Amino acid sequence: MPSPDAADSPSLFAAPVRVVDVLLPVAVGSAYSYRVPEGMEVAVGDIVVVPLATRNMLGCVWPRAQNARAVDPGKLKTIQRRYDVAPLRPEMIAFIEWIAEYTVTPPGMVLRLALRHDESAGIARERTGVRLTDRRPERATPARRRVIEALADGFVRAKADAAREAGVSPSVVDGLVDDGVLETVVLPPEPAAEAPDPDHSTPELLPAQAEVAARLVEAVEARAFQPFLIDGVTGSGKTEAYFEAVAQAIRQGRQTLILMPEIALTQAFLDRFARRFGVRPAEWHSAVSTKRRGRIFRGVASGEVSVVAGARSALFLPFRELGLVIVDEEHDGAYKQEDGVHYHARDMAVVRARLEGAAIALVSATPSLETEVNARRGRYRRLHLPERFAGTKVPRLEPIDLRREGPPRGQWIAPRLAQEVERTIEAGGQALLFLNRRGYAPLTLCRACGHRIKCPSCSSWLVEHRFRRRLECHQCGYATPVPEACPNCHEPHSLIPCGPGVERLHEEVAKLMPTARLQVLSSDLAGGVERLRAELKAIEEGEVDVIVGTQLVAKGHNFPGLALVGVIDADVGLGHGDPRAAERTFQLLHQVAGRAGRHNVEGRAFLQTYMPEHPVMQALVEGDRDAFYDREIAIREEAHLPPFARFCALIVSGTDPHATQAHARALAACSPMTPAVRVLGPAEAPLALVRGRHRYRLLARSERGFDLSSYVRAWMAGAPRASGSLRVEIDIDPQSF
Ligand code: ADP
Ligand code: ZN
């Protein structure tokens, strides 16, 4: 029997209190329960505004966990409002959960990647305006009266416009809203993008291109998951071929995601897209304004935006109907996110395509070893474009043996290379000297005592930047003026730069070729992306003779006049004991060399090396890519390395080296025993000290088919908590092992 006063309880008469789970973009293990206020309809996937502690934030109504405990609705906070944006679809929710499982990360952190682009104001800031209500104040200040007069026509205006028209500050308008004289209304969103036209300008494809295009178009028509590798040398027309599949998706009213490693720099790509489809694709990366991203987010969710070209974060956009995914330059290391949620965008793109039932094409001239193995095993269907579109040959690579024909001490360009550069510019061509080292010199050394100047909070040398007259840490950004005397022995004028960076190379070229027009291209270029775009354009237009550049120039640019590439130090990156070094060096140098001779110019490339007999150099010089992959694949298989085994790295970091090491050891000691997994370490991480944090690494290795994520999750559940400054990061499929 209910007690008599229970009859007074409103809950007996009102509709039952509804409770839903809301996943918030924070690092908690599960969704929180909230009350749904009366009169509000919410469903799984809806984006809502909810209170958490002292603030409001966006969250997503989440499927209720099967083992969810019953909660007392009386103790719950209430959803504030539903956010006016399309709900996340079940496929997107499945994707978020899949990544959380796989990367051993709280799902809220993955949701954050999907909602992150405008954290302060919530996703896709709603556009609001104000208009008059029926209420009039009895008395009003002159400022308020002017606002009321300005809005007397009854039309809606943006708040700022209303204030401007009335010549008052926006706070006056706010005051009128507070008093109910004005009301806020949500305006329809501005259009996010113009629609690309699939038939705007269709090129005549070469037979090999047409074949590739046909296979992709079929796959898009099939509306099912199907993974491809488009494997073709640089300039073979891969882009034009996959554009046909994009066109087909547009015709079907389905969306396309094109992932690129360095979107901020690929103006040339956007222009090309516009030539083919009449308009540029929606661009998505961190340099796009918050407002614009908000619009694109909405447009992607509503289906209005049909093609997005973006950086890895575009993977988390809420597509309404994804039909095609392209991962351009799929081998690029920039696809791996190394902080927060550690994910590899290429691999997750395949997962997303599978969940969405979309076709996906990974595109590369030098596929990653993982992708190559997948293609060889038939998991990905290989589409081959063996020849350059323009008919020019892929440049020949010629080794320059630095042991026999190196430059004099203190110089970096071998006489033979210098001659070839001069000859090239005399003939009206451009030359690129490639050195993957920013700054003037990678190391500063004291001639008197041998002291090397290190970063005070990282385990790295300080790099001299002569243009900026200072020493900089490339890990943490620490910078200090170049000292007059050695900080160790105080000997004046004893510090000498060791080794070359691009600035030093520039100095050398200027001495060797005083009349040549030079341009250094590295991420240090003052003026940021805008300036870089301008310089790239100047190069394209032939206003530069010699480009001295870091890997910034290796990616995707099209320099029509580039006839010669000289790699100053082909050995950088080899021989650090990293099993992936050979693959990376091969990809990078192949890519850089491939910049030469794109159009009607036959290109040449030179590799300066101390180890011309190294298999990587041999493969590059012989132009025998398959031999390189055969050998690397055999080595990986033999040594039980990915993709023939799986790794998960645990990075333990903290400010105190002993406590950090002790915690790493404690973690190692409590790893669950199973014959399927071997835990290696702890050892100092490849970067042992970063920003004052000491880093130790544990590596768990398993067979290919083993569920390493579940193993690590179970391990962490039973592990001692990291307290104080200690932190443990989980990096599944780490880039280095
Ligand atoms: P990749 O993506 O393999 O590096 P691209 O698609 O960029 O190759 O093609 C290289 C060059 O050839 C580009 O300038 C492109 O515009 C041109 N090209 C490729 N295919 C065609 C075609 N069918 N008709 C006209 N130009 C083409
Ligand atoms: Zn540092």
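How many bridges join strand β3 to strand β4? The legends below take this up after an overview.

**Figure 1. Overview of the predicted chain.** This is a predicted model, in which local features need pLDDT of at least 70, side-chain atom pairs count only at pLDDT 80 or more, and totals for chains, interfaces and linings use all residues. Residues are numbered from 1 along each chain as its sequence is written, while chains are lettered from A and ligands numbered from 1 in the order in which they are written. The chain has 20 helices and 30 strands. Helices (H or I, at least four residues) and strands (E, at least two) are DSSP runs, numbered from the N terminus. The radius of gyration, 30 Å, is close to the 27 Å of the globule rule for 737 residues, so the chain is as compact as a globular protein of that length. This radius is taken over C-alpha atoms, and the rule is 2.2 Å times the number of residues to the power 0.38. The C-alpha trace spans about 100 × 65 × 65 Å along its principal axes. Of the 737 residues, 43% are buried. Buried means that 20 or more other C-beta atoms lie within 10 Å of a residue's own, exposed means 12 or fewer, and partly exposed lies in between, with C-beta atoms placed from the backbone. Among contacts between residues at least 6 apart in sequence, 72% join residues at least 24 apart. A contact requires C-beta atoms, placed from the backbone, within 7 Å.

**Figure 2. The open sheet of 5 strands.** The strand order is β2-β1-β4-β3-β5, with antiparallel pairing. Two strands pair if DSSP finds at least two bridges between them. The edges are β2 (32-36) and β5 (81-82); each has a single partner strand, so one side of each is left without a neighbour in the sheet. Strand β1 (residues 18-23) pairs with β2 over 5 bridges, in the antiparallel sense. Here Arg18 stands opposite Val36 of β2.

Figure 3. Strands β3 (residues 47-52) and β4 (residues 55-62) run antiparallel and are joined by 6 bridges. Val48 stands opposite Gly59 in β4. The hairpin has 2 residues between its strands, and Ala53 takes a positive phi near 50 degrees. Strand β3 also runs antiparallel to β5, through 2 bridges. Val49 has Arg81 of β5 as its bridge partner.

**Figure 4. The shell around ligand 1.** The shell has 14 residues; the closest are Gly237, Lys238, Thr239, Glu240 and Phe389. A residue is near the ligand if its C-beta atom, placed from the backbone, lies within 6 Å of it. Helix α7 (residues 238-251) gives the most to this shell, with 3 residues. By class, the shell divides into 4 nonpolar, 7 polar and 3 charged residues. Ala, Val, Leu, Ile, Met, Phe, Trp, Tyr, Cys and Pro count as nonpolar, Asp, Glu, Lys and Arg as charged, and the others, Gly among them, as polar.

Figure 5. An unreviewed UniProt entry annotates Cys446, Cys449, Cys486 and Cys489 as "binding site". They span 44 residues in sequence, yet no two of their C-alpha atoms are more than 8.5 Å apart, so they gather at one spot. UniProt positions follow the numbering used here, feature names are shortened, and annotations may be inferred rather than shown by experiment. Cys446 lies in strand β18 (residues 443-446). Cys446 is buried, with 20 other C-beta atoms within 10 Å. Beyond its neighbours within four places in sequence, Cys446 has contacts that include His451, Cys486 and Cys489. Cys449 sits in the loop between β18 and β19 (463-465). Cys449 is exposed, with 12 other C-beta atoms within 10 Å. Leaving aside neighbours within four places, Cys449 is in contact with Cys486, Asn488, Cys489 and Glu491.

Figure 6. Cys455 is in the loop between β18 and β19. With 24 C-beta neighbours inside 10 Å, Cys455 is buried. Cys476 lies in the loop between β20 (470-472) and β21 (479-481). Cys476 is partly exposed, with 17 other C-beta atoms within 10 Å. Beyond neighbours within four places in sequence, its contacts are Cys455, Ser457, Cys458, Val690 and Arg691.

Terms used:
Contact = placed C-beta atoms within 7 Å.
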